Amino acid sequence: MLIQLIWLIVGFVLLIKGADIFVEGASGIAAKLRIPQIIIGLTIVAFGTSAPEAAISISAALKGSAGIAVGNVIGSNTINILLILGITALIVRIPIQRETFQYEIPYVILISVVLLVFGIRGWVISRLNGACFWILFICFFVYLIRLSLQENEKKKEVVEEKRNYLLLAVMVLIGLACVVFGSDKIVDSATYIAQAVGMSDRLIGLTIVAFGTSLPELVTSVTAARKGNADLAVGNIVGSNIFNILFVIGTVSLIRPISYGMEFVPDTIVAILSAVALYFLAGRGLALGRKSGIVLLICYAAYDVFLFLA
């Protein structure tokens, strides 16, 4: 138990420092390529911070722990919106781009509903469902490419970035490695401790593992917001939720169909309602302020109470 606690501390240190380096590198690359921060947040940062979810879910599915695989994604998506955006909004006002409000957040709602529909039809996420998720994933990337081209035409100003591409790429890789390794150690240690107490796979996936794999999103979003890259923070969360469902669940179910227990229905509904709440809160001035952050955190606290009382 002592060794697990030590690894837990080491994991947090690597996670926090790695996220800082990762955001610096990703922002630098965006500046040099004249790519909008929101695009970097929706792609590089979102994919990087979703790597722990992918690794944990694929590993859990191959080992037959479907409860952890599904619970990890559903729990992470709920935590990303309610807890992470809630905390970030308390620290700094988060502006929401019109495209994010009109297209990306509704897309999260749509694919979350699709996950629920696929799950309750036969109570399994099949390979055919996985292929559908990948088609939706490709559609999302086509949208991002078009959005990037449009943004580059609108923005003619050049942001000065003196560091070269090699250094920035090394920063991204080192930061990502620290984030993934740190998250892995945090999840392993926390799961070991939770199992020793006798928690179920579903509860472990929805809480300990989901929170652990969402730590990169938390740290990178708060770090990006404090550095003035609020677009990166929002894009990170929205993009991560899209990656979690379409890429992680899609890939896992293509490798091996995963069972979707009836107990996941209320959890998926909560994930959908979280995205709906984000949509309506973001629509108030296209921003998330402290009041919105408090609302999101209260909803997360209520969900936690439900989990442990259910």
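This is a predicted model: local features need pLDDT of at least 70, side-chain atom pairs count only at pLDDT 80 or more; totals for chains, interfaces and linings use all residues.
1. Leu-286 is not a glycine, yet its phi is positive, at about 50°. Is Leu-286 buried or exposed? Its relative accessibility is 19%, and the cut-off for buried is under 20%, so Leu-286 counts as buried.

2. Trp-123 lies in the loop that joins helix 4 to strand 2 (124-125). Its phi is near 55°, which is again a positive value in a residue other than glycine. With a relative accessible area of 33%, Trp-123 is partly exposed.

3. Now turn to the way two helices pack. Two packed helices are described by the angle between their axes and the distance between the axes. For helix 9 and helix 10 (residues 290-309), the angle is about 170° and the axes are 11 Å apart. Angles over 145 degrees count as roughly antiparallel, and helix 9 and helix 10 are therefore roughly antiparallel to each other.

4. Which residues make the contact between helix 9 and helix 10? Helix 9 brings Pro-266, Asp-267, Val-270 and Leu-281. From helix 10 come Ser-292, Val-295, Leu-296, Tyr-303, Phe-306 and Leu-307. Sorted by class, the residues of this contact are 8 nonpolar, 1 polar and 1 charged.

5. Rolling a probe the size of a water molecule over the atoms shows where empty space is left. How many cavities of 30 Å³ or more does the count give? The count comes to 2.

6. The lining of the largest cavity consists of Ile-74, Asn-77, Ser-112, Leu-115, Ile-245, Thr-268 and Ala-271. Helix 3 (66-91), helix 4 (98-120) and helix 9 (265-282) are the elements that give two or more residues to this lining. By class, the lining has 4 nonpolar and 3 polar residues, with no charged ones.

7. Around the second largest cavity you will find Ile-81, Ile-105, Val-108, Val-238, Asn-241, Ala-275 and Leu-278. The elements giving two or more residues here are helix 4, helix 8 (230-255) and helix 9. This lining divides into 6 nonpolar residues and 1 polar, and again none is charged.

8. Finally, an open space: the second largest pocket holds about 210 Å³. Its lining residues are Ile-56, Ser-59, Ala-60, Lys-63, Ser-65, Ile-68, Asp-184, Val-187, Asp-188, Thr-191 and Val-209. Helix 2 (37-62) and helix 6 (165-197) each give two or more residues to the pocket lining. Which element gives the most to this lining? The answer is helix 6, with 4 residues. In this pocket lining, 5 residues are nonpolar, 3 are polar and 3 are charged.

Terms used. Residues are numbered from 1 along each chain as its sequence is written. Side-chain values use heavy atoms; hydrogens and water are left out. On a 1 Å grid over the protein atoms alone, a cavity is a set of points where a 1.4 Å probe fits but cannot get out, and a pocket is an open set with protein on both sides within 12 Å along at least five of seven lines; lining residues have an atom within 4 Å of a point. Grid points are joined across faces, edges and corners, and a volume is the space filled by probe spheres set on the points. Ala, Val, Leu, Ile, Met, Phe, Trp, Tyr, Cys and Pro count as nonpolar, Asp, Glu, Lys and Arg as charged, and the others, Gly among them, as polar. Axes are lines fitted to C-alpha atoms, for helices over the stretch in contact, and angles run from 0 to 180 degrees between N-to-C directions. Angles under 35 degrees count as roughly parallel, over 145 as roughly antiparallel, 65 to 115 as roughly perpendicular and the rest as oblique. Contact means heavy atoms within 4.5 Å. Buried means under 20% relative accessible area, exposed over 50%, partly exposed in between (1.4 Å probe, protein chains only).
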